[in-house]
Amino acid sequence: MARPVYAHVSLVGVVVMLVLAGLGTLTYFPRLPSFMGLTWQGKLRCGGVGRPAIFWEMPVTPEQDPENAFPRERDLEIAVSRESDLRKALTREHYPRSSGYDPAWIVDVPMGPHPLWCVESLMEVMTLEPGMRILDLGCGAAVSSIFLAREYGVEVWAADLWTDPTDNWERIRTWDVADRVHAIRAEARELPFARGFFDAVVSIGAYHYFGTEARYLAYLLEFLKPHGSVGFVTTGLDHDPGPTLPPYLAERWTPDFFTWQSPDWWRNHWQRTGLVDIDRADMVPGGWDDWLQWLRACDLVDRGYAPDANMLEADQGELLGLVRMLAHRR
Ligand SMILES: C[S@@+](CC[C@H](N)C(=O)[O-])C[C@H]1O[C@@H](n2cnc3c(N)ncnc32)[C@H](O)[C@@H]1O
């Protein structure tokens, strides 16, 4: 008859196992729940090389040590509800691809209007084929560049003047598109690329900073293949208001605003060069609303900009909105 095999478990072994399990638990749950109005916190620390020791810190209140104290439940509730408000504010049926992205990431570095909504509204009229070489001109935080690479399978040169390409490179790497998005600092008027290199130029919220100069389009087209396209969406006016501006615009009218033009203005500006055929010159449908909604969403995480939001409120979509232009090189 087979004899049962008994494991020999020594008392020392049990004690060692219990100690290890305890340490593991404390390491894994270094913070304890709040008790009697205090937020308790414990941290394991090994002190002194070659002389390991464990310290159990005294409990702290958030007031005593705001940086290390575990947030109160109320703070957590607020954070969760803010995140859900943010997601709600930035989800639009009309822009399904954008809705798949973390809203906290999108609002992290707000610059112009919602960059992903702007790309989606441009892509309603522009076609990019996978593998194309795209210049994202004035890409800011490269949010649009990452989106273009991921959603449309293109290779993107994310060029910007003010944003540090190292910061953009970090963002690009976290999205796993490092092989398809190239961060570069570039002045739009001195582009460091080979002539005829790009299949298309895309520009979001930026083209008006440099593109109103009469010779600029001719210069930019040099970097495009024949029949390559240029498309942008940027802030602008539905129509020319004439020399007298409504007060809510007049009070904000500084040189950066002088370049806010209408689709008709851009159409003439491009058409008279004789270098392109215009495929689209219009206002993004619902662009005024998109822009205001974006600012309200940014406001939820204290990144709004009240002067712009107030200006849009005052305008009620009469003049302000997003201009959309698309043309291809002859
Ligand atoms: C309002 S931000 C928009 C950024 C980004 N495309 C977005 O939608 O979030 C305008 C961008 O235009 C860029 N820009 C302005 N003038 C430029 C120039 N001359 N050359 C290159 N980029 C320029 C700035 O660096 C800035 O990032």
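**Ligand site, pockets and cavity in a predicted model**

The lining of the second largest pocket comprises eight nonpolar, four polar and one charged residues, where Ala, Val, Leu, Ile, Met, Phe, Trp, Tyr, Cys and Pro count as nonpolar, Asp, Glu, Lys and Arg as charged, and the others, Gly among them, as polar. The model is predicted: local features need pLDDT of at least 70 and side-chain atom pairs count only at pLDDT 80 or more, while totals for chains, interfaces and linings use all residues. Residues are numbered from 1 along each chain as its sequence is written, and side-chain values use heavy atoms, with hydrogens and water left out. The ligand takes up the space of the largest pocket; a molecule sits in a pocket if more than half of its atoms lie within 2 Å of the grid points of that pocket.

**Ligand surroundings**

- The ligand is surrounded by 18 residues, the closest being G138, D160, W162, A188 and I204 (near means a heavy atom within 4 Å).
- This shell divides into 11 nonpolar, four polar and three charged residues.

- A side-chain N or O atom of D160 lies 2.7 Å from an oxygen atom of the ligand.
- A polar backbone atom of W162 is 3.0 Å from an oxygen atom of the ligand.
- R189 places a polar side-chain atom 3.4 Å from a nitrogen atom of the ligand.
- The protein buries 95% of the 580 Å² that the ligand exposes when taken alone (Shrake-Rupley method, 1.4 Å probe).

**Largest pocket**

- On a 1 Å grid over the protein atoms alone, a pocket is an open set of points with protein on both sides within 12 Å along at least five of seven lines, and lining residues have an atom within 4 Å of a point.
- The largest pocket has a volume of about 920 Å³, a volume being the space filled by probe spheres set on the points.
- Its lining has 43 residues, with M111, G112, W162, G205 and Y209 nearest the centre.
- Elements giving two or more residues to this lining include α4 (115–123), β1 (133–137) and β2 (155–160); α11 gives the most, with four residues.
- By class, the lining of the largest pocket has 28 nonpolar, eight polar and seven charged residues.

**Second largest pocket**

- The second largest pocket holds about 160 Å³ of space.
- Of the 13 residues that line the second largest pocket, L237, D240, P241, W260 and Q261 lie nearest its centre.

**Cavity**

- There is one cavity of 30 Å³ or more, a cavity being a set of points where a 1.4 Å probe fits but cannot get out.
- The residues lining the largest cavity are R87, L90, T91, S98, S99, Y101, P103 and I106.

Key: A polar contact is a pair of N or O atoms within 3.5 Å; within protein, one must be able to donate a hydrogen and the other to accept it, and residues adjacent in sequence count only if both atoms are side-chain atoms.
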